[in-house]
Amino acid sequence: MNSNALEDVVLAIAQKRSISEVLLQITRSIAACIVGDLERTTPPTPDDALVRIWLAGPGDRCATCHFRAECPDRRRCLHLVASAGVLRDPKEDWSRLDGPFSRYPIGVSNIGTIVQSGQSITTEAGKRRAGGDDGLPDWAGAEGVVAFVGHALTFRGEQLGVLGAFNRTPFHKVCSQRLLSFANHAAVAIGNARAFEEIDKLKHQIEQENEYLQQEMKAALDFGDIVGQSPVLQKILRQIDLVAKTEANVLVTGQSGTGKELVARAIHARSRRGARPLIKVNCGAIPENLFESEFFGHVRGAFTSAVKDRVGRFQLADGGTLFLDEIGDIPLGLQVKLLRVLQEGTFERVGEERTRKVDVRIVAATNRDLKKEVESGRFRQDLYYRLSVFPIEVPPLHQRKEDIPMLAAHFLKKSAQRLHMRAPRLTQAHVETLQSYDWPGNIRELQNALERALIVSQHGALRFDLPKPDLPSHSANQSPLPLIGELAV
């Protein structure tokens with residue numbers, strides 16, 4: 001290959017931002033122009049054999065690897081990521097990335113030795129090495145391969161992998177030197193492409209997290225901080241402090257409207273994951289056929305409405321906390337997959353074979369008795385024990401009525417700020433009225449009642465639209481009960 005052709009190829013590679021495009025460009029360029037006659041720029045001939053690139057990666061095929069007996073630790077090896085060449089048998093395809101030589105342990109064979117040492121290796125048939133052979137692979141003789149040259153792909157002091165070329169005629173010294181120059185340029189292109197892909201990945205992740213958090217801010221109930229001083233609430237706060245510093249999964253139980261999400265947020269905020277996102281999933285609001293996509297994400301084309309890739313909630317919560325609200329509503333079929341993520345920390349997107357790793361802490365919440373759900377066969381026992389490592393029960397509001405004065409003052413102030421109104425002063429009579437009611441809807445009902453009272457009492461007395469204490473709450477179809485507690489501000 002002449003110097004002008006080399007410059008053209010290097011320029012073409014430098015303009016690629018995708019790692020797959022860079023690898024494809026490298027192998028095709030070498031196979032077409034470098035291997036064989038130095039000045040030829042035509043496609044390869046039967047004298048040309050094979051050009052391949054291996055990049056370092058984690059051990060992933062150790063059980064079936066051709067070199068498993070020689071592998072020193074089975075943690076990292078070289079992965080075949082690009083291949084181009086001409087076989088004598090036209091039925092074969094050397095662009096395939098599988099087969100017995102798709103993985104090389106680091107330090108094993110010529111390929112593994114190059115990346116371990118960072119040094120180039122050139123071998124020819126009939127020229128014996130110190131080990132007693134010529135260093136060519138077993139298949140070389142059948143294909144007429146007589147020469148191999150391999151160069152380490154080094155970028156900023158890191159050995160990325162190996163660029164190797166096999167040929168049916170010996171390599172000229174000048175050709176080997178130009179291959180080395182090409183390998184150096186290729187390493188920079190691969191390193192830069194990886195950096196671009198990482199930037200794009202992080203940018204996409206930040207966009208996804210930002211979009212999700214904006215939605216959460218709009219949808220979240222404005223309960224503010226946990227408010228109250230009752231003994232039962234103080235017990236919960238002590239439990240939060242104990243478990244927040246650990247990595248244990250937490251199951252928060254209690255009636256609807258008691259503030260289970262506040263407990264989850266407090267656990268997350270006090271944990272080492274507090275700087276990472278807290279991602280919420282309302283399991284009771286997801287259609288059954290979309291559970292897997294919601295949890296794990298999907299790739300474009302995985303199903304009819306999958307018009308683009310989508311990141312699942314587990315991936316969004318990576319490094320943070322996943323709050324699974326109404327965990328008892330998860331279908332049995334998905335409970336198995338959820339258990340796998342909790343046990344192994346791995347999952348696959350819908351329509352994708354790639355296994356992804358995730359580091360997520362689970363805080364689950366439910367208003368159901370999960371023990372009874374397990375006994376009835378509607379909830380897996382193994383999943384229940386995996387989730388309820390540290391259970392926290394949030395009491396209903398009627399069991400902590402001494403907290404009502406602080407809660408009422410807190411919600412009136414928040415509602416007045418949001419509605420741009422004057423916050424009224426709560427009197428003892430107001431408090432007694434609020435404490436005389438049992439609040440079957442718990443804190444959520446109290447918040448709504450106070451905001452409603454603030455709205456209807458803008459120009460006069462603060463009025464609480466509450467059912468009488470000795471009557472059940474009226475339904476939406478019944479007429480409102482008489483107002484009680486009509487008191488002066």
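1. Confidence. pLDDT is the predictor's confidence in each residue, on a scale from 0 to 100. The chain has a mean pLDDT of 79, with 78% of its residues at 70 or more. This is a predicted model: local features need pLDDT of at least 70 and side-chain atom pairs pLDDT 80 or more, whereas totals for chains, interfaces and linings use all residues. Residues are numbered from 1 along each chain as its sequence is written, and side-chain values use heavy atoms, with hydrogens and water left out.

2. Helices (H or I, at least four residues) and strands (E, at least two) are DSSP runs numbered from the N terminus.

3. Where pLDDT is low, the predicted coordinates should not be read in detail.

4. Aromatic pairs. Rings of Phe, Tyr and Trp (its six-membered ring) pair if their centres lie within 6.5 Å; planes under 30 degrees apart are stacked, over 60 edge-to-face, the rest tilted. By this rule there are ten aromatic pairs. One of them is Phe 291 with Phe 295, edge-to-face at 6.0 Å centre to centre and 80° between the planes. Both residues lie in helix α8 (residues 291-296), four residues apart, about one turn of the helix. Phe 291 is buried at 3% relative accessibility, and Phe 295 is buried at 0%. Buried means under 20% relative accessible area, exposed over 50%, partly exposed in between (1.4 Å probe, protein chains only).

5. A link across the chain. Why do Phe 296 and Phe 347 count as stacked? Their ring centres are 5.8 Å apart and their planes meet at 25°, so the pair is stacked. Phe 296 sits in helix α8 and Phe 347 in strand β12 (residues 346-347), 51 residues apart, and the pair links distant parts of the chain. Both Phe 296 and Phe 347 are buried. Phe 291, Phe 295, Phe 296, Phe 314 and Phe 347 form one aromatic cluster.

6. Ser 457. This residue lies in the loop between α15 (442-456) and β16 (462-464). Ser 457 is buried, at 9% relative accessible area. A polar atom of its side chain lies 2.8 Å from the backbone oxygen of Ala 453. The side chain of Ser 457 also reaches the backbone nitrogen of Arg 463, at 2.8 Å. Leaving aside neighbours within four places in sequence, Ser 457 contacts Leu 462 and Arg 463.

7. Largest pocket. On a 1 Å grid over the protein atoms alone, a pocket is an open set of points with protein on both sides within 12 Å along at least five of seven lines; a cavity is a set where a 1.4 Å probe fits but cannot get out; lining residues have an atom within 4 Å of a point. Points are joined across faces, edges and corners, and a volume is the space filled by probe spheres set on them. The largest pocket has a volume of about 1400 Å³. Its lining has 36 residues, the closest to its centre being Glu 197, Glu 198, Lys 201, Arg 354 and Arg 356. α5 gives the most to this lining, with eight residues.

8. Cavities. The whole structure holds three cavities of 30 Å³ or more. The second largest cavity has a volume of about 80 Å³. Its lining includes Cys 62, Cys 65, Cys 71 and Cys 77.

Definitions and conventions
A polar contact is a pair of N or O atoms within 3.5 Å; within protein, one must be able to donate a hydrogen and the other to accept it, and residues adjacent in sequence count only if both atoms are side-chain atoms. Contact means heavy atoms within 4.5 Å.
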